[in-house]
Amino acid sequence: MNRLPFLFAGMFAMLVIVTACSDDDPAQPAQPVTHDGQSAALGEGQVTSYERVAPDGSLLAVGVRFNETVLSTLPVDMKMLMLNLPKKSGTSPFDHVGFDWNPQGHEPMPLYGKPHFDVHFYVVDHNALTAVQPGPDMIMPEPQFMPPHYISGVEAVPNMGTHYVDTTSAEFTGTPFTKTFIYGFYRGELFFFEPMITKEYLETRPNVTADIRQPAAFKKTGKQYPRKYTVSYDAARKEYSVELTDMKLH
């Protein structure tokens with residue numbers, strides 16, 4: 001008996017079954033991608049900047065992460081790192097990140113005298129920072145570009161800008177400083193977004209998301225700006241992260 005017809009018939013049936021199964025199992029949708037920027041040493045650990053980008057190219061988050069070795073081997077002197085971002089999203093307003101360790105805190109000491117980290121997410125480039133003149137900065141942002149309840153001592157810090165603090169933050173209402181959020185301007189222009197977090201608070205291994213007060217508008221449009229920031233610890237990776245998230249296009 002010629003068995004070839006039966007053999008081909010069986011193969012054809014199997015092909016139909018496999019094809020039908022494939023039709024029922026479509027390809028997985030594209031996932032967000034985390035792109036690393038620049039890394040630098042702090043103590044015996046590493047600090048790395050990153051962006052998280054959606055499949056359509058929009059910005060989901062921008063942040064820094066650092067391993068727990070950083071906290072246990074911090075230098076006794078102030079240390080300032082500048083970390084470039086990968087700039088993979090065309091809607092990101094961010095240029096680079098400043099990651100600053102302040103072992104003695106800084107002024108005003110009654111509020112921010114604890115050892116802490118300043119994480120500056122800059123929306124201007126390095127050249128703009130070098131042009132900052134220390135001293136009084138009397139050019140205020142226009143009201144629509146200023147978030148509510150923020151004030152400043154109008155003193156520009158060289159290579160940074162002028163810091164504006166939220167007067168409704170916990171440290172202004174009698175609660176010791178653990179974390180807070182600062183806006184930076186210079187001569188009326190937005191320069192940075194800045195979460196400030198104490199070393200002591202990080203050692204509690206937090207996983208917290210906080211709102212960022214929003215201005216009515218941002219001067220530079222076509223970009224995504226954060227509405228929240230997170231401070232978190234990944235026990236599996238033994239790693240901390242500080243990131244800006246919940247981006248909104250303006």
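Predicted model: local features only at pLDDT ≥ 70, side-chain atom pairs only at ≥ 80, totals over all residues.
**Overall picture**

The protein chain is built from five helices and 14 strands. Of its 250 residues, 44% count as buried. Looking at contacts with a separation of 6 or more, 58% are between residues 24 or more positions apart. The accessible surface of the chain comes to about 13000 Å², and carbon and sulfur atoms hold 57% of that area.

**The nonpolar core**

The largest nonpolar core has 57 residues, and those touching the most other members are Val47, Phe66, Phe94, Phe99, Tyr183, Phe193 and Leu244. Strand 11, residues 189-198, gives the most to this core, with six residues. Setting aside neighbours within four places in sequence, Phe99 is in contact with Leu42, Val47, Val64, Phe66, Lys79, Met80, Leu81, Phe117, Asp118 and Val119.

**The largest pocket**

Now turn to the largest pocket, with a volume of about 430 Å³. It is lined by 21 residues, of which His106, Glu107, Pro108, Val157 and His163 are the closest to its centre. Two or more lining residues come from each of helix 3 (109-112), strand 8 (150-157) and strand 9 (161-166). Strand 8 provides the largest share, six residues. The lining divides by class as follows.

| Class of lining residue | Number in the largest pocket |
|---|---|
| Nonpolar | 12 residues |
| Polar | five residues |

How values were computed
Residues numbered from 1 in each chain as written. Heavy atoms only, no water. 1 Å grid on protein atoms, 1.4 Å probe; cavity = no way out; pocket = protein on both sides within 12 Å on 5 of 7 lines; lining within 4 Å. Points joined across faces, edges and corners; volume = space filled by probe spheres on them. Helix = DSSP H or I, 4+ residues; strand = E, 2+ residues; numbered from the N terminus. Nonpolar A, V, L, I, M, F, W, Y, C, P; charged D, E, K, R; others polar. Core = buried A, V, L, I, M, F, W, Y, C linked by side-chain atoms within 4.5 Å. Buried < 20%, exposed > 50% of the residue type's maximum accessible area, 1.4 Å probe, protein only. Contact = heavy atoms within 4.5 Å. Areas by Shrake-Rupley, 256 points an atom, 1.4 Å probe, with all protein chains shown as cover.
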